[in-house]
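Q: Please take a close look at one part of this model, the ligand surroundings. Then place that part in the rest of the chain.

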Amino acid sequence: MKQETTVAFIGAGSMAEALISGMTKTLYQPEQMVVTNRSDAKRLEYMQQTYGVRIETDKEKAVSEADIIILAMKPKDAAEGIASVAHVINEQQLIISLLAGVTTEAIVSLIGKQVAVVRAMPNTSAAIGQSATAIALGHYATDAHLAIAKTLFETVGIVAVVQEQDLHAVTGLSGSGPAYVYYLVEAMEKAADEIGLDRAVAKDLILQTIIGAAHMLKATNKHPSVLRKEVTSPGGTTEAGIGVLEHYRYQEAVIACIKRATERSEELGQALLSSVK
Ligand SMILES: NC(=O)C1=CN([C@@H]2O[C@H](COP(=O)(O)OP(=O)(O)OC[C@H]3O[C@@H](n4cnc5c(N)ncnc54)[C@H](O)[C@@H]3O)[C@@H](O)[C@H]2O)C=CC1
Ligand SMILES: O=C(O)[C@@H]1CCC=N1
């Protein structure tokens, strides 16, 4: 990435912060980034103080001076947010959208110009360089734009290039995915409490169990069911525990969860289209 490249964030929430936190630890200088939001000046000050990025209350100024514009507002705020800066966007700029469910076609149409859009679905682990991000090209985006976006997201983790229609599934799977893992950890912590373990001890054990299992999946490349069976002694504790998960249809619940999140991504895209009709 050339040093003079400027990246403007429209939106300064959780995902913008995760990206900025990761990007400023790698290829990007904080001064290359300018952050805007709707109205929360305190939040902008926090971003400046924490990451050294530039902040700007004049969104039009931030956008007009940027090479890359990252759409980081909620899908429900996108129509208004994009409309407020569309007149200062030009065809030389690259738009990267983080908006769940919203198509590149809808973004091009809201901007009203033949502008290059790359749609991306990272996750909040970008904050520590561990995002699983998928990206897809919009109609006016070229392979050169794809390469720029890929380089940008590789500073915060791994990147898969997918067809745009697959981004709904990616959103349900890995965009929302960290929350499913955190929910499991919450349950493990509650269980540890109920079975009388010291909280601090339990916290360390749970964390290392999750890290260890993730590393085992990666390092051994074994199928998760094989690794699971290696833990499960016949007539032992794991078998007894998994029996309870089966009783509560744990896998069915996880599958239904990911399908529902995928469907919700589609709904968010539809809701934006209906709001601008
Ligand atoms: N949080 C996550 O794990 C992920 C979020 N995303 C996507 O990233 C986007 C942002 O999500 P979060 O950061 O979680 O939301 P958030 O609610 O934490 O932040 C949204 C930000 O947008 C700003 N905003 C709202 N309207 C605006 C406008 N008209 N002009 C300028 N700024 C405006 C708000 O002031 C706020 O700073 C969403 O579209 C979401 O689908 C994508 C991947 C993961
Ligand atoms: O919950 C959401 O809508 C966003 C998209 C993926 C993760 N967070």
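A: Ala, Val, Leu, Ile, Met, Phe, Trp, Tyr, Cys and Pro count here as nonpolar, Asp, Glu, Lys and Arg as charged, and the others, Gly among them, as polar. On that basis the shell around ligand 1 has 12 nonpolar, 10 polar and six charged residues.

This is a predicted model, where local features need pLDDT of at least 70, side-chain atom pairs count only at pLDDT 80 or more, and totals for chains, interfaces and linings use all residues. Residues are numbered from 1 along each chain as its sequence is written, while chains are lettered from A and ligands numbered from 1 in the order written. Mean pLDDT (the predictor's confidence in each residue, from 0 to 100) is 96 for the protein, and 99% of its residues reach 70 or more. The ipTM is 0.99 and the pTM is 0.96.

Start with ligand 1. It has 28 residues around it (C-beta atom, placed from the backbone, within 6 Å), and Gly11, Gly13, Asp77, Gly81 and Ala100 come nearest. Helix 1 (14-23) and helix 4 (75-83) are the elements that give two or more residues to this shell. Such elements are DSSP runs, numbered from the N terminus: helices are H or I of at least four residues, strands E of at least two. Helix 4 contributes the most, with four residues. Glycine 11 sits in the loop between strand 1 (7-10) and helix 1.

Now ligand 2. Ala100, Thr171, Gly175 and Ser176 are the residues around ligand 2. That shell divides into one nonpolar, three polar and no charged.

The unreviewed entry in UniProt gives residues 6-101 as "Pyrroline-5-carboxylate reductase catalytic N-terminal". That span is 38% helix and 19% strand, with its end C-alpha atoms 26 Å apart. UniProt, again in an unreviewed entry, gives residues 164-268 as "Pyrroline-5-carboxylate reductase dimerisation". Residues 164-268 are 83% helix and 0% strand, and their end C-alpha atoms are 15 Å apart.

Last, the sheet. Eight strands form an open sheet in the order 3-2-1-4-5-6-7-8, with mixed pairing (at least two DSSP bridges between two strands). Strand 3 (54-55) and strand 8 (157-161) are the edges; each has a single partner strand, so one side of each is left without a neighbour in the sheet. Strand 7 (residues 131-137) runs parallel to strand 8, joined by five bridges. Alanine 132 stands opposite isoleucine 158 of strand 8.

Terms used:
UniProt positions renumbered as here; feature names shortened; annotations may be inferred.
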